[in-house]
Structures are given as structure tokens and as C-alpha cells.
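Here is a short tour for anyone meeting this structure for the first time. Please have a look at the sequence and the model, and then read on.

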Amino acid sequence: MGCIKNVLVLLALILQGYGNSEVLVVDYYKEKCPKAEEIVRNNVEFAVVKDPRMAASLLRLHFHDCFVLGCDASVLLDGYGDMVSEKQAGPNLNSLRGFEVIDKIKYDLEEACPLSVSCADILAIAARDAVASRGGPRWEVWLGRKDSLRSSFDGANNFIPSPNSSLETLIANFKQQGLNIGDLIALSGSHTMGKARCLSFKQRVYEVKNPEENYDKYKRYTTFRRILRSICPRSGKDNELAPLDYVTPARFDNNYFINILEGRGLLNSDNVLVFEDDEGEIIKQIWDYASNQDLFFQSFVNSMVKMGNINVIMDGEGEIRRNCRFVNN
């Protein structure tokens, strides 16, 4: 973890290049709500002990929030009037989870220091604590975001990467958010924990093209495919779950990169990082992360901080919601 601390001194310089990052600071709640991060951490740790999969779910909530309108807690809003919730969009419906954990955190924070801590900041802190709870790195979260007054159903459908995305599409999705290929690789490493529904990968498992040229050249893929087929039959059970990393599914580590080098990534969007990398630059980075977990952790921290600064809302442009599901009015 010492190497993680060494890179934190560079984050202030990194942040200066991204959007409204100058409004975010470390220890933002030191005076306003001194126990804010402790309250979030305690709730996250309790939720993850109760349901280990919740760590990946809370991390994913932050990701899905930041890729639509920016890191503004728009993903937490329920539908109201003419506004359709992002929760109803294709990438989120019957898939995104963890809302009740955020509700509990917000309730405790409102009891401790009313109208002080934004829902957007809760998501950022909870994502960090979720990673740390599963053995991953802990980092300083830059805070001071305000909450959006609206959600974007269309944005959720258009900007959140699909599990079947090609490498070209993934690169374009990330570039649209101000994130580069390095960020794509590092943040894809979050798939070292969590699970995915059969619906997300079943077609790939049953329709392998040119096996002698692709998947089956990896000696362990045939067994891996049999395991997936036993979980996900050709028809039915679309909502059954399979681990994104079947070796260490409940830990945040670098095993994801070892998996995809051996053709054992669960989602198509994982495997394309290897199979569609014609230049070989992405594969080189994957090899580096597969052989050096500390290096992966450093890069992941940098990319998480960078992602957490996408189109943050400043004072006067948003609010601090009393309830994360609804705007205050």
C-alpha cells in the first residue's frame, strides 16, 4: 500500500487537467461533517460482510453514474413526472444494485449532519471503501460534488458501455468521457470481482467462431466454457449469475488480467482487450498488470480519481439532496 501513497502526491497535478476538478478537495467534510467518511465506511463494510457481491455493485454504481451527465448522483434518482429514471435504462434495469445501501448511508448522514454530504460524494466514497473492503487499494477521495436536479434515461442507454462492446466502441465510449485507453484498461480491472447475468455473455459461450484461431488456442478455455454452459443453459436462466473472475471472485486483485490473457474473460468487452488489440500496446499493459499487482493498483487509483471528476457539479448548479432518490423540491 506504500506505493499507492507515493502516487497520491501527484493527484493534485493530475486533477488540474480535468473539468471542474478544482472545486474538489480532500477533507472537504472535515468541518461540515467530520464523521462523514467513517459513516460511509462502516455502512459499506457491514453491507459487504452481509453480501460480498455488494462491493462490486457499489463500485459499478459510481461508474454508471459518472458515465451519464457526470458524477452527479443522477443514477440514484427515481422517476417523477416527465423524468424517466436512469434505473429503467437497458444497462441498469434488473442489473444495477446497491441503492438500499446508499439510502442507509444517506439516512445516517442526515441524522449526523443534515444537508451537508451530497449523494454524488457518497457514491465516490462508497466505491473506494468497497474496493478496499475486498483487499484492493485505499485512496484519498476528492470531494465537494453537488447532486444533479435531473437524470438522463437516453444518456444511460447511449453512454454506458455494453458487455458485448467491441474494442473500438469501448475506446470511443471512454474518450467521450475524457478517459484514454490506459484508463479503459485499468478500470476494466474492476471486473476482478462481482458477477454478471447469463444474458450478458451467453451468446458468446455457445457461438464460438473460428475456435482454432481464437479461444481454443488457450488450453484452459474449453474447460472454462463447459463451466459457463453448466451455469447458463442454451435456453432459459438468463438471470443466473456467473463470477467475472471465477478464480478469486470475492477479492479485488490483478487476477482479471491473468484471466483475459488466457481467454477466460467472462464478457466479450473483457476479451476484446486482447483479441482486438492489433497494435499490441494494450496487451503489453495487460501483461504488466498481470505480473505486477501494485502497478495495477496505482493505475486503478489514478483512473478512479480521474473518472470521479467527470463533469462534477459546482456550487449554484446543483444541490445536496435530503433523499438520494428525489430532488429537494
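## A left-handed link across the chain

The torsion about the S-S bond of C119 and C324 is about -95 degrees, so this disulfide is left-handed. The link joins distant parts of the chain: C119 belongs to helix 6, while C324 sits in the segment after helix 15 (293-307), 205 residues apart. Please keep in mind that this is a predicted model. In it, the sulfur atoms of C119 and C324 are 2.1 Å apart.

Are the two cysteines buried or exposed? C119 has a relative accessibility of 0%, so it counts as buried. C324 is buried as well, with a relative accessible area of 2%.

## Where helix 6 meets helix 5

C119 also has a part in a helix contact: I102, I105, K106 and L109 of helix 5 meet C119, I122, L123 and A126 of helix 6. Sorted by class, this contact has seven nonpolar residues, one charged residue and no polar ones.

How do the two helices pack? Helix 5 spans residues 99-112 and helix 6 spans residues 119-133; they pack at an angle of about 120 degrees, and their axes are 11 Å apart. Helix 5 passes helix 6 in a right-handed crossing.

## Two further disulfides

The link of C198 and C232 is left-handed, with -75 degrees about the S-S bond. C198 lies in the loop between strand 1 (195-197) and helix 10 (202-206), and C232 lies in the loop between helix 11 (221-231) and strand 2 (241-243), so the pair ties together parts that are 34 residues apart in sequence. Both C198 and C232 are buried.

Another disulfide connects C66 with C71, at an S to S distance of 2.0 Å. What is the handedness of the disulfide of C66 and C71? The torsion about its S-S bond is about 120 degrees, so the disulfide is right-handed. C66 and C71 are both buried.

## The overall pairing

How many disulfides does a search of the whole structure find? The search finds four. If you number the bonded cysteines of the protein in sequence order, they pair as 1-4, 2-3, 5-8 and 6-7.

Technical notes: Residues are numbered from 1 along each chain as its sequence is written. This is a predicted model: local features need pLDDT of at least 70, side-chain atom pairs count only at pLDDT 80 or more; totals for chains, interfaces and linings use all residues. Side-chain values use heavy atoms; hydrogens and water are left out. Axes are lines fitted to C-alpha atoms, for helices over the stretch in contact, and angles run from 0 to 180 degrees between N-to-C directions. Helices (H or I, at least four residues) and strands (E, at least two) are DSSP runs, numbered from the N terminus. A crossing is left-handed if the near helix is turned anticlockwise from the far one by less than a right angle, and right-handed if clockwise. Contact means heavy atoms within 4.5 Å. Ala, Val, Leu, Ile, Met, Phe, Trp, Tyr, Cys and Pro count as nonpolar, Asp, Glu, Lys and Arg as charged, and the others, Gly among them, as polar. A disulfide is a pair of cysteine sulfur atoms within 2.5 Å. Buried means under 20% relative accessible area, exposed over 50%, partly exposed in between (1.4 Å probe, protein chains only).
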